[in-house]
Amino acid sequence: MLTLSQVNAGYGDFQALFDVSLDVRSGEAVAVIGPNGAGKSTLMRVISGMIPAFGGSITMQDVSVLDTPAHQIVGMGIAHVPENRRLFARMTVEDNLRMGCFSPQFRDRYTERLEFVYQLFPRMRERRDQMAGTMSGGEQQMCAIGRALMSDPKILIMDEPSAGLAPVIVQQVFELIERIRGEGLTVLIVEQNVKQVLKVVDRAYILEAGTIRMEGTATELLESADIQKAFMGM
Amino acid sequence: MNNNIVIAAIGAILLSLPFVGVDSYPLHLIIVILIWSFAYTGWSIMGRFGLVSLGHGAFMAIGGYVTALLWNNVGLTPWIGIPIAMALSGVVAVIIGYPCFRFRIVGHYFALVTLALSEVVRQVIIATRDTTGGSLGYTPERHGEGWSILAIQSDDRVAFYYIALAVWAVGIVIWKAVDRSMARYALEAIWEDEDASAAVGVRVTHEKLKVTVLSAVMTAFAGAMYCQYQMFISPDTIGGVGISLQIVFAVVVGGIYNALGPTVGAVITLLLAEVLRIGIGTENICITDKICLNAAGVPLLIYGVMLVMFIIFLPKGIVGGVLDRWRGPAQTGPSKQP
Amino acid sequence: MAEFTDALFSIFFVETLINGLLLGGVLALLSLGLNLVFGVVDVVWICYAEIIMLGMYTIYFLHVDAGIPVIIAAGCGIAVTTILGLLVHRIVIHYLLDAAPINQLLATGGLLFFLQGSAMVAFGIEFRNLGVSLGSLIVSEDIYLSWTRILCFVLAAGSVGVLYVFLSRSYLGAAIRAISQDREIMPLMGVDTKKLYLLTSAIGGALAGLAAALLALQYDVHPFIGLSFGPITFMICVMGGLGNMVGGFLAAFIFSELITIGGYFADLEWGYVLAFVVFIATMFVRPEGLFARKS
Ligand SMILES: Nc1ncnc2c1ncn2[C@@H]1O[C@H](COP(=O)(O)OP(=O)(O)OP(=O)(O)O)[C@@H](O)[C@H]1O
Ligand SMILES: [Mg+2]
């Protein structure tokens, strides 16, 4: 469904990704793991058009993503939950969700999608009129995921959804990801909680210093001694 | 060493200027440029640390008006009047600056608060028109013919030239002194990150206040000098929003991070205005009998375009831009964009 | 003291208060567009009043020289300022979006001189009067209220209302509020930031045109008229909390009452001094503006 080949990207003169190739098949859940500063967020940003690529190609169901203007990428079915949630703090929860439905082609399904998100996160319905910035970290993460789901995406890309959350809440986030998978969504996820994320995804890529170091199924990687040493402190 | 020779040579040229047959009119221009340069230098002493004040018209006006009013009404010589005006403007700077810095009013909020100060002073001058002449302007009384040391008045331009030159040089020295002081590092750190600086023990309010008062006092002095030389002041020639903006812009054009930047800015903006005024004139140029163009607006128009271009393409000003070119194109301005 | 209480209860004082209220309408209308741009694009258009000035000239020439009815001339004035708003953004601000806020402010200050200079070149320095008056509403023998000001008041209140509904109810309005909080992620929401900025600038320009139409009925136009109401417009926006339409609207009335009350007891200039001093003082107490929500 989503295919990256030989993607190079960065910021100004600084290159953060070198010849990254990766693909996510329909219905699959794929994780990208790697140390801080490896370029994971950069990878997410280049997929959703927040930053331009230096070279390479990205296609979504055989349509070139790199040739699509940034604001139309969400219309191709790619929804991005950015690092640190990035909610509109001084807007209500419902207004935040509404922003997820901004593109004209989504607007007539607004009520239906809102109902879907409220069903997935009943907590959001309770908080609909609260300013997003005043919610707890876990609630904010739900809101951010909900906002991305408003456009009924084909693939959801998530950048460290569990960052900064208490262990119990992290647990909930992973349960949530399983539920989202249950809805038939394709997922690409960046995570630091390597052990936990490998339990909910099918495959994973290891990104280090801007290049893909390793790739494998979740079970393979869970058993790999290298991975255990590098990421799970075993 | 090389530097010292250059400075000595420039000094010699400047000192001998009246003897090499410079006419009265160019000399007048140079004096005006020197006085404004001093004001601009005074502004840039705080402006270079991100303290963009749009209130310096107020300090300039306080300098000019207080000195002249004391002389005309109380007979107090400018020798005492100028220090009083400077002190008063320092007090005003504290009254505005202290709460601003205390309550962390920075960036364009600071600019707008100081803009309000400009307006307050201008409106007070207009409201007290019975004493200050309001928007029609004000003239210090002449003290006899020719020279008066008591009144610091003179119709001899050469004498004034030397005074202005000395004042300007002192301005540059002050700029350099601030540049070399510990305060500079503190202020740069504050500009970078106010919270972090406070956390490592920089006295944020104190440091900002010091530089603001210095800047205000210098500007007031420039206002007084302007008044003594031109023998005429009005709210629009040394105060208000117009002058405040003029001060900021000249420095932006010249270059804010260099001692000579404000001077270069003064030379360029004032010469340009003068050249355009003489070159194009202030006539109405009529294309048809209905459509007439008023040439007097052209300098303002060109000035405006120039400023926009400078801020977009050369945010470090002429001096900064040239120096960057000189030292290699390594890092250009912070706001350079594709 | 008796004199003071007499003055306070005089019929003229009531008239002063009402006139203050009506002046507030003018100021509110003036600050509306600036506030919108300020809140959304996060840029201070120091040249905002100069855009209004050009709108006033458009109306003047179309009506007085070309004999076009005032209403249509006003419409054209609004069109001109809308285009000016677009140009200010596209030609200047667009290149400075990532620059320090103060550079943006200074660049529009350059535009201020440019627009003043252009007006001077094109139209000379004469004061020009539209010569249209809507007359006054005679409330009693002593109290006359200018219809123009009443219209201003109504239009300002109406525009604030429309803008409020637009911002709170529509998708575009939500996007306008959102972009001021986080520009970077707007593409993820499917928002074309460039277009949204242009749209906002156009609305800002159009509101300047509306203000121009009403000012042209009350004041002579000349190239420097912007300097007389520009600064106060910025201060109203700041006092109300940048980008807070309702706050700006209320701040306009605080300013106008201060000015007229000051003018009643002394000169109008003292009214301005009073208003500016109060502004400075409120900044110290509430730097985010009088009506900012506590965050
Ligand atoms: N906006 C930016 N401008 C310049 N360099 C950036 C920018 N954002 C990230 N970088 C650099 O790009 C590299 C990769 O950053 P990125 O944010 O993609 O890392 P990451 O893998 O997401 O790290 P983390 O796990 O800490 O989130 C880093 O060296 C970082 O310093
Ligand atoms: Mg990251």
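## Around ligand 1

In chain A, strand E2 (14–24) and helix H1 (40–48) each supply at least two residues of the shell around ligand 1. Of the contributors, H1(A) gives the most to this shell, with four residues. Please keep in mind that this is a predicted model.

How many residues surround ligand 1? There are 15, and the closest are Gly37(A), Lys40(A), Ser41(A), Thr42(A) and Glu83(A). Sorted by class, the shell holds five nonpolar, six polar and four charged residues.

## Polar contacts and cover

Let us look at the oxygen atoms of ligand 1. One lies 2.8 Å from a polar backbone atom of Gly37(A), a residue that is also listed among the closest to the ligand. For Ala38(A), a polar backbone atom is 3.1 Å from an oxygen atom of ligand 1. Gln192(A) takes part through its side chain instead: a polar atom there is 3.1 Å from an oxygen atom of the ligand.

How much of ligand 1 does the protein bury? Taken alone, the ligand exposes 630 Å², and the protein buries 63% of that.

Over all chains, the structure holds 32 salt bridges. One of them is in chain B, where the side chains of Glu207(B) and Lys210(B) meet with N and O 3.5 Å apart. Where do these two residues sit relative to each other? They are three residues apart in helix H10 (residues 204–230) of chain B, so about one helical turn separates them. Glu207(B) counts as buried, at 13% relative accessibility, whereas Lys210(B) counts as partly exposed, at 44%.

Is Arg128(C) buried or exposed? Arg128(C) is buried, with a relative accessible area of 15%, while Glu126(C) is partly exposed, with a relative accessible area of 44%.

## A network in chain A

Which residues are joined into one network by salt bridges that share partners? They are Asp23(A), Arg25(A), Glu28(A), Arg203(A) and Glu215(A).

Within this group, Arg25(A) forms a salt bridge with Glu28(A), and their closest N and O atoms are 3.5 Å apart. Arg25(A) is partly exposed, with a relative accessible area of 44%.

Technical notes:
Residues numbered from 1 in each chain as written. Chains lettered and ligands numbered in written order. Predicted model: local features only at pLDDT ≥ 70, side-chain atom pairs only at ≥ 80, totals over all residues. Heavy atoms only, no water. Salt bridge = Lys/Arg side-chain N within 4 Å of Asp/Glu carboxyl O. Buried < 20%, exposed > 50% of the residue type's maximum accessible area, 1.4 Å probe, protein only. Near = heavy atom within 4 Å. Polar contact = N/O pair within 3.5 Å; in protein donor to acceptor, adjacent residues only side chain to side chain. Areas by Shrake-Rupley, 256 points an atom, 1.4 Å probe, with all protein chains shown as cover. Nonpolar A, V, L, I, M, F, W, Y, C, P; charged D, E, K, R; others polar.
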